[in-house]
Amino acid sequence: MKNDCENKTLSVLLVGVGGQGTILAGKIMSAGLEQSGYDVKMSEIHGMSQRGGSVTTHIRFSKDKVYSPVIEKGKADLIVAFEKMEAMRYIDYLAKDGKIIVNDFEIPGIPITMGDREYPKGVLEALKAQAEVTVINANNIAEELGNPKVMNVVILGAAVKKTGLEGIDWQSIIAENVKPRFIDVNIAAFKAGYDCE
Amino acid sequence: MKKTLMTGNEAIARGVYEAGTHFAAAYPGTPSTEILENLAHYTEVNSEWAPNEKVAMEYAIGCAVGGARAFAAMKHVGLNVAADPFFTVSYTGINAGLVVVTADEPGQHSSQNEQDNRNYARAAKVPMLEPSDSQECIDMVKYAFTLSEEYDTPVLVRVTTRVCHSKSLVALSDRAEVPVKLYKKDAAKYVTVPANARIRRTYVEKRMDILKKQVNTSEFNIITDNNSKTTIIASGMCFNYAKEVFGNDANYLKIGFSYPLPMELIDGICKSADKIYVLEENDCYIEEAVRMLGYSSKLFGKYNAQGDAFFPAYGELTADVVRMCVTGSENASRKPNADFVVPRPPAFCAGCPHRAVFYELGKMKDVVVSGDIGCYTLGFAPPYNAMDFNCCMGASISSGSGMQKALDLNPENKKRVVSVLGDSTFFHSGITSLLDVVYNKGSNITIILDNRITGMTGHQQNPGSGFTLSGESAHISDIEAIVRAIGIEDVYVIDPNDRKAVVDTLNKAKTSPKASVIITKYPCVLKKLSALDNEQFPEAFKSKCIVNDKCVGCKMCVKCGCPAIMMVEGKAFIDKGTCVGCGVCMSICKLNAIERR
């Protein structure tokens with residue numbers, strides 16, 4: 001998804017489960033895009049997110065004007081899934097030549113914890129059968145860095161790499177968007193995600 | 001000028017600030033909540049949470065009549081609560097500017113209905129603006145104050161979820177210093193006895209007649225002529241969706257000042273068109289105007305020229321939906337493989353103090369549960385299935401009272417109505433409902449789930465939480481004292497995580513024919529605990545439950561619906577990172593296989 005066509009609007013869909021930090025990741029990504037001169041629109045639906053629901057953040061950007069903040073089905077250039085089942089849930093948003101980054105991590109919903117359903121086996125293989133998929137183990141990387149919560153910024157690093165965005169000072173943008181004592185670990189997380197491929 | 005990204009809600013707050021506004025009030029409600037939360041950062045604007053939307057509106061009216069610019073915000077159903085003052089302040093007018101935001105919910109992401117509050121502008125004869133992005137949120141809110149003062153009227157700003165919760169670039173300006181106007185007594189204007197109101201009524205018509213002309217030259221009603229035979233008329237976020245689909249291949253009328261509608265502009269742009277697409281979410285508000293002007297034969301709105309359905313009558317009119325309706329085919333896309341997708345319904349959090357209450361209510365076969373609006377509405381869902389009906393804020397008690405009386409007319413029903421609502425909802429409009437129960441000899445049992453905060457909308461302070469919007473300490477209104485003062489004699493205060501207390505108290509309440517109130521007092525697990533919370537609930541969320549080797553895998557504990565417990569290799573497993581040690585599962589386990597540490 002090299003950003004070769006400067007005036008095209010690119011669409012990135014972040015999907016995950018409430019509490020995984022998709023909103024912060026989306027905020028940092030949008031801030032970076034804005035600072036490097038893109039028109040950016042971002043949309044979130046998070047009404048029930050704190051209660052274990054599925055959450056999405058839409059980001060659209062272009063050197064021209066962006067109108068809709070909402071990605072159309074079949075038009076996402078990149079889906080960034082913080083949880084693997086969520087990648088499949090929203091795969092109808094993926095463009096024909098779109099790509100998926102998926103965190104190899106499972107969060108069981110209530111039907112699964114209650115034993116009514118099982119967490120589906122083979123999600124990654126099923127995704128790969130449908131699209132070009134990059135798998136990342138962001139939770140492990142974050143734990144190695146000493147703070148499991150920076151998993152979201154690890155994924156962000158990988159997503160930024162995939163979009164081919166260059167010349168953006170992500171370090172300072174991260175510093176502006178996280179609490180001072182967590183700046184270093186978040187910057188390390190971003191780098192680890194960026195370099196993990 | 002340096003631009004910055006803001007959500008629509010942040011931008012509305014910014015616009016209120018830049019307009020030199022002095023006072024603001026709101027009751028939280030998705031998608032409007034963050035407007036006041038952001039306004040609280042601007043100390044120049046005195047902002048507060050009101051107990052309900054009607055109070056917020058009335059407070060703002062008082063501020064505006066008193067001479068200071070004032071603002072109120074609410075979600076769409078909130079304006080129903082505040083409709084009474086809204087309709088009449090349209091007649092009295094104001095002294096300093098009064099702007100009201102209604103945040104509508106096409107798609108019902110977090111709401112019980114999808115009402116179109118543009119109808120309120122028309123019904124109350126109040127001018128209305130509809131921003132389509134964050135910059136317009138700032139610009140239109142500021143203009144709304146000018147308009148309000150120029151035409152002696154409140155002004156309604158109508159936004160939708162996608163405007164509220166989407167970010168786009170904005171340019172910021174300094175705050176205008178607007179002096180507070182002198183208050184002069186003017187009973188003929190402000191006292192709404194019929195003799196006065198009839199005179200004000202004629203003023204309202206004159207005002208709207210002038211605006212009907214003015215609106216055709218408004219800077220917010222914009223025609224773009226792309227020399228096309230296709231015309232798009234759209235307002236709010238729908239304009240953006242239209243641009244995605246039609247690009248520069250159509251002429252546009254973007255309506256930002258939408259009540260009164262700019263009929264001359266609509267007529268002008270429709271005349272030369274072969275096809276007219278009206279893009280608006282919810283009702284046929286603009287579409288009806290286009291039909292009234294006689295353009296039905298080339299119109300595509302909710303209905304086409306033949307009267308057949310065209311654009312959907314409900315839900316969001318996103319670009320893919322528009323494209324599908326216009327081209328007749330969906331965007332090509334992959335289909336999710338259903339074998340790999342399990343639903344993820346919202347659930348009570350691990351440690352939620354509502355869990356044991358609904359777990360027990362769900363097991364009682366002799367109760368009908370009258371619900372309310374809040375996180376606890378999720379008690380309707382499996383595994384609890386513990387709610388029969390609900391309607392709107394505060395209705396659990398009053399509807400519950402009516403239902404009990406109806407059920408009692410048929411002795412075969414043998415059901416006791418239990419009304420459940422939260423602390424913030426009780427303050428909002430449950431108090432008046434409880435007055436009715438006592439006054440008119442109702443007999444329903446009410447449970448007030450006091451989790452010490454307004455939970456569903458993301459932890460806003462309320463009259464019982466001890467703090468104001470800006471974080472100052474405030475008087476704590478005592479729910480128990482209020483309930484007793486209203487006249488309820490049987491009042492119980494219990495710990496909702498104590499399952500035995502929940503059952504015993506409910507059973508005791510059921511044995512009495514009188515109305516009673518059970519207050520369950522325990523903080524929301526997501527709440528940032530105050531010093532008082534820490535003093536009152538020293539053990540809260542400080543322990544973990546673990547499963548020991550006595551577990552036989554009977555699944556009793558997982559049936560309490562806690563996201564921290566799951567079955568792993570035939571035995572219960574409790575996720576340490578999620579569990580906060582509420583102990584509800586522990587009390588359910590009959591084999592002492594769960595311990596708390």
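Two strands are said to pair if DSSP finds at least two bridges between them. Helices (H or I, at least four residues) and strands (E, at least two) are DSSP runs, numbered from the N terminus.

This is a predicted model, in which local features need pLDDT of at least 70, side-chain atom pairs count only at pLDDT 80 or more, and totals for chains, interfaces and linings use all residues. Residues are numbered from 1 along each chain as its sequence is written, chains are lettered from A and ligands numbered from 1 in the order in which they are written, and side-chain values use heavy atoms, with hydrogens and water left out.

**Sheet and domains**

In chain B, seven strands build an open sheet of mixed pairing, and their order is β3-β2-β4-β5-β7-β6-β12. At its edges stand β3 (46–49) and β12 of chain B, each of which pairs on one side only. Within this sheet, strand β4 (residues 70–75) of chain B runs parallel to strand β5 (residues 98–104) of chain B, and six bridges link the two. One of the residues involved is M74(B), whose bridge partner in β5(B) is T102(B).

Chain B is also divided into domains, with bounds that come from an automatic or database domain assignment. These are domain 1 (3–217), domain 2 (221–327), domain 3 (355–539) and domain 4 (547–596). Between the C-alpha centres of domain 2 of chain B and domain 4 of chain B the distance is 56 Å.

**Cis peptide bonds**

The residues Y259(B) and P260(B) are joined by a cis peptide bond with an omega of about -5°. P260(B) is placed in the loop between β12 (257–259) and α12 (263–271) of chain B. A cis peptide bond also leads from P382(B) to P383(B), where omega is near 5°. The loop that holds P383(B) lies between β15 (367–370) and α16 (395–409) of chain B.

**Residues with positive phi**

The term exposed stands for over 50% relative accessible area, buried for under 20%, and partly exposed for values in between (1.4 Å probe, protein chains only).

| Residue | Phi | Relative accessible area |
|---|---|---|
| N227(B) | near 55° | 75% |
| N592(B) | near 55° | 53% |

N227(B) is exposed and sits in the loop between β9 (221–224) and β10 (230–235) of chain B. N592(B) is exposed as well, and its loop lies between α21 (584–588) and β23 (594–596) of chain B.
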